[in-house]
Structures are given as C-alpha cells and as structure tokens.
Amino acid sequence: MTHRVAVIGGGSSGLACIKCCLDEGLEPVCFESSDDIGGLWRFKVSHYMASIYHSLIINTSKERMCFSDFPIPAHFPNFMHNSLIMDYFRMYADHFQLTKHIRFNTKVLQVKQRSDFSHSGQWDVETEDKDGKKDKHIFDAVLICIGHHCHPNMPLHDFPGINTFTGRYFHSRDYKTPEEWRNKKAIVVGIGNSGGDIAVELSRVTKQVYLSTRRGAWIKYRMSVRGFPLDMLTSRVQSSLLQLLPFGLQCSMAENQMNQRIDHICRFIMATAQFFNQHPTVNDELPNRILSGTVMVKPNIRRFQGSSVEFDDGSVVEDIDLVVFATGYKFSFPFLTSQVVSVSENKASLYKYVFPPELDRPTLAIIGLVQPLGSTIPVSEMQARWATRVFKGQSVSVFKSVNVSTVHGFMDTQCVDYVAYMDEIAELVGVKPALSRLLLTDPRLGLNVMFGPTTPCQYRLRGPGKWAGARQAILTQWERVAKPMQTRICDEPKAQRSFKWPLILSVTALALAVYVKRKSFPSCIILIFIFNWTMY
C-alpha cells in the first residue's frame, strides 16, 4: 500500500520533500498557502507572508547550494540574484514534475494525531482553500517545511519611547526597495545578513545610515583569494582536521583570519561571542560603507524621543526618518498541538533537528529548521531523504534517545557545521561517501571528494538515490564556477615553470598521512598543516 504524505509548504524544502517522497514510492500532497512555489525566495509585496527585498543575492555559491542531483546551470552566476534562484526552482520542479503534487492557495489549519495513532501512526489534516472551503484528509505521515522565518520578531518593549517616534518603523521583512528614503536619515537595528544588506543599500541613497548592534558580528566575504567563492575552498579533510583542535583554538584561527580582511575592533563591530558560537554575517560591501562613513556603527538604542534617538554610549542623533528592525524571526507551528512539538521562547527540542522525540510513531518530521554554517537547501534535502526512508521503514533510529537537539531562534541561533551534520544524516541514509573505497577504485574522484569543495553531489555517489551523473558533476564543478565569468576572450599568458603540481602532490600526500594517522599526530603539527593548507 502506498503511503500518503502531507508536505506543508512549497518552498525549497517542500520541493525537496516532494521529490524525496516520489523517489521512495510515497504519494506526496503538498499544501502551499500562496499561489506559487519558492516560499521565502519569491519576491512579493505582502504584509502577511515572509519574503525578501528586491535586491537580495544569495550568500552561498551555486555549487554549494544546489539540490544534490540537479546542479545549477553553468552559465548562472556563482552568487545568484533571487530571481535566478526562482528560475532554478522552476527548472527543478519541471524536471522532476513536482508541481502537479502541489495544491496552491491552500492553508493548513490543523494537524493532529488520529485516535489510533499509537498503532497506525496516521494524522488528520484540515485545510482551507482561498474560497474558505475546508477539507479533512488522512495521511500516513507529515513533513513540515515552513522554515523559521515565520513571524517577525519586533521587540518594541526593549526600546523605550518608540511610541513617540515621529518617523516610520517596520521589520526588515517589510523592506523592499530604498528609493523612497532618498536624502533621509535611517537607523537599521541588527547586524545579521538582512541588517547588513539593508544598511548598505540604504546608504547609497540616504543622507546617513546608522547601524545599531548590541552583540556585534563576524563579517565574512563571499569572495576569497583569486576571486573564487570562499565556501568553495573548504574541503572535507580541512573540516575534519579542524575538529581535532580545541574549540577555543578553532575560534581563534577563524577570528584571526577574519581580522586579516577587516579589523573588527577598529570598525567597532567586534562580536561578543566567539566565531563558531555566532552565525557570521556575509557582506562584501559593509566594511567599505563603514570606511566611507555612509554607514556609522552604533551601540544598542537606549531610547526614542520624537525624531531623536539616544544610544547606549550617550550619543544622540536627530531627525531620524526611518528605523528598520532587522531583529530576526520567531518560529511556531500553529496547526500543531504542544504535545507534538513544544515551542517555548523560540526553542524546540528535536531528534537530530528533525523528529519530535516523544511521538509513539516517527511519522512527522520538521524539515529545514536548523541553521547550518552553509546552505540550508542541501541540508533540507538530506533531512527529507532521511525522513522519507524512516516513513518507509528503511531507516531505523532510536528517537527516544537522550541525543536530542535543541533548535534555537533569533537570539541564540543553533549553528551546525555543514559537513559534520550532512555526514551524520547521510550515514543514517546510507549515502555518506566511502572515502577509502573511492581512493582505491577511483583515485581522481576520491581526491576531489577529500580535498575539493564539499558539494551536495558527493551524497549521490552511492546508496539509496544514487545518481549516475554525480561523478561527472563533481569533476566539472570548477568549470561551472568559471563559466559565468568567461565573458571576454583573453590571450593566454606565456607558460612559466611552475611548482604548482609538485606542491599539490606534496600537500596531498601530507594531508593523507595526517588524515589517516590523525589520532597519533600532535595537535601542533595538525595546526601547522591546516594553517599552510588554508593559506595555500
């Protein structure tokens, strides 16, 4: 008998869930409250649904953010505008014929366990269409894919006098374009990704932008040495070796590297938390805007009084026209009872960030709620591959284990390492790359997997859902990185004697030795190796 699975949400996680259900022979029915796919990534002017600002460009490069069996076209830029992300989603949905499984303009009102849940594991799902018609459905399993950008967090109680403010204020969700604020003065509260982007964009048209931050931030660039995407230079071996070092040393190394590009203390943006305890802010332009004075970094706001704003350091700015609160979101599941998933103070306890641990039957999963240090899209896809295998009875885990992860919200974001978490779930699915076997049977591919970028295609080389094109996709990933930048014919430079390949072979041999014998190597030697590998 085919299992029917309810998929709630038609964004990137929802699309991945539909695809994974079909791969496992399940019957998905996706309920999407809007009239189109894309979720958060679809630009729209709405005060009721989370959406993005018009100029948004993704922070993760295309090779690291794609679905694992559907690489982004080579001619697409490495860091895509939101309109191109939507184009990619449509290609994905069309290629795998996903849209026919989606019921648009349909809101989920309630999801509750059936009376015989302990035996059947089934759920009653109540929905409402755009005409107000309500329907009830029975499903064997449920995948919740609404993300964590659900409800804007507006902590107005923390800002005395906000009711006297004579300008306009709103949450970053409602920010779309900067034009109406030309020659005005604005304050952006919050130095996360949205806050940094909005401050930079406003600074191009306003008289002055003040960026208020209580906790500071670590600023990362999209681009690294020689113009390559920064996230493409993180290898599997490098990530594994870093994990062998004490946590404080890991943070210090990362912080020193960040300060080589931007002196965080000099720029007054020094974060209060260590690097790996706080989600970094990715922004290529913010340091330049601070250097030019068009963005001035300020501490937390103490109080409002009319059009004046006083900060915690006692400084006052006058004639403020706009305040944008880039203060994050609160997540919730209003259609679920607290007995299924309890959300308290923007926290929820889930087994490996996916399964509610107290259910008698593991037939409900929450996809895409975790925030990785990397792209959410392939992480959501991996979670969906695991969840659908569990629904089908092909992947067994002890969900009532003590190993329960707590998902935090806007103030204490729970970051997980992309490679470590993907490998952890991939091992449960049976698709974690078999490095030793690859090195013996296909050395070229094995070296690319070990020392190359940790792209999602690595998880399609073996096991359930194996994709015949994965090998070629991995071997040609740097060609796709270069393709969109090759828009002008240049003469080839004259050949010069190079020590590149001897150096690469030497570093590879050393890295292999360190990786295989990592438990017996002193941490100082590992540290020296990592430093040199990173600098190279």
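1. Two strands are treated as paired if DSSP finds at least two bridges between them, where helices (H or I, at least four residues) and strands (E, at least two) are DSSP runs numbered from the N terminus. On that basis strand S1 (residues 4-8) and strand S2 (residues 27-31) run parallel and are joined by five bridges, with Val7 standing opposite Cys30 of S2.

2. The model is predicted, so that local features need pLDDT of at least 70 and side-chain atom pairs count only at pLDDT 80 or more, while totals for chains, interfaces and linings use all residues. Residues are numbered from 1 along each chain as its sequence is written, and side-chain values use heavy atoms, with hydrogens and water left out.

3. For the chain as a whole, there are 16 helices and 25 strands, and 51% of the 536 residues are buried (under 20% relative accessible area, with exposed meaning over 50% and partly exposed in between, for a 1.4 Å probe and protein chains only). The accessible surface comes to about 25,100 Å², and 52% of that surface belongs to carbon and sulfur atoms; these areas come from the Shrake-Rupley method with a 1.4 Å probe, and for residues only the protein chains shown count as cover. Among contacts (heavy atoms within 4.5 Å) with a separation of 6 or more, 69% are between residues 24 or more positions apart.

4. The pair S1 and S2 belongs to an open sheet of five strands, ordered S3-S2-S1-S7-S22 with parallel pairing. Its edge strands are S3 (102-103) and S22 (364-366), each of which pairs on one side only. Helix H9 lies across S1, S7 (141-144) and S22, and runs at about 170° to S7; axes are lines fitted to C-alpha atoms, for helices over the stretch in contact, and angles run from 0 to 180 degrees between N-to-C directions.

5. The axes of helix H1 (residues 12-23) and helix H9 (residues 376-392) come within 9 Å and cross at roughly 35°. The residues making this contact include Ala16, Cys17 and Cys20 of H1, together with Ala384, Arg385 and Thr388 of H9.

6. Which residues of helix H5 are buried? They are Gly195, Gly196, Asp197, Ile198, Ala199, Val200, Glu201, Leu202 and Ser203. Because nine of the eleven residues of H5 (residues 193-203) are buried, this helix is largely enclosed by the rest of the structure. The elements against which its buried residues pack include strand S10 (185-189), helix H8 (286-292) and strand S18 (322-325).

7. Strand S18 is covered on both faces, with Leu322 and Val324 buried on one side and Val323 and Phe325 buried on the other. Strand S9 (residues 168-171) runs parallel to S18 and is joined to it by four bridges, and S10 likewise pairs with S18 in the parallel sense over four bridges. Val323 of S18 stands opposite Tyr169 and is also the bridge partner of Ile187.

8. His171, which lies in strand S9, is buried, with a relative accessible area of 2%. Leaving aside neighbours within four places in sequence, His171 is in contact with Pro152, Asn153, Met154, Val324, Phe325, Thr327, Gly328 and Tyr329.

9. A further open sheet has three strands in the order S15-S16-S17, with antiparallel pairing. S15 (301-305) and S17 (316-317) stand at the edges with a single partner strand each, so one side of each is left without a neighbour in the sheet. Two bridges join S16 (residues 308-311) to S17, and Glu310 has Val316 of S17 as its bridge partner.
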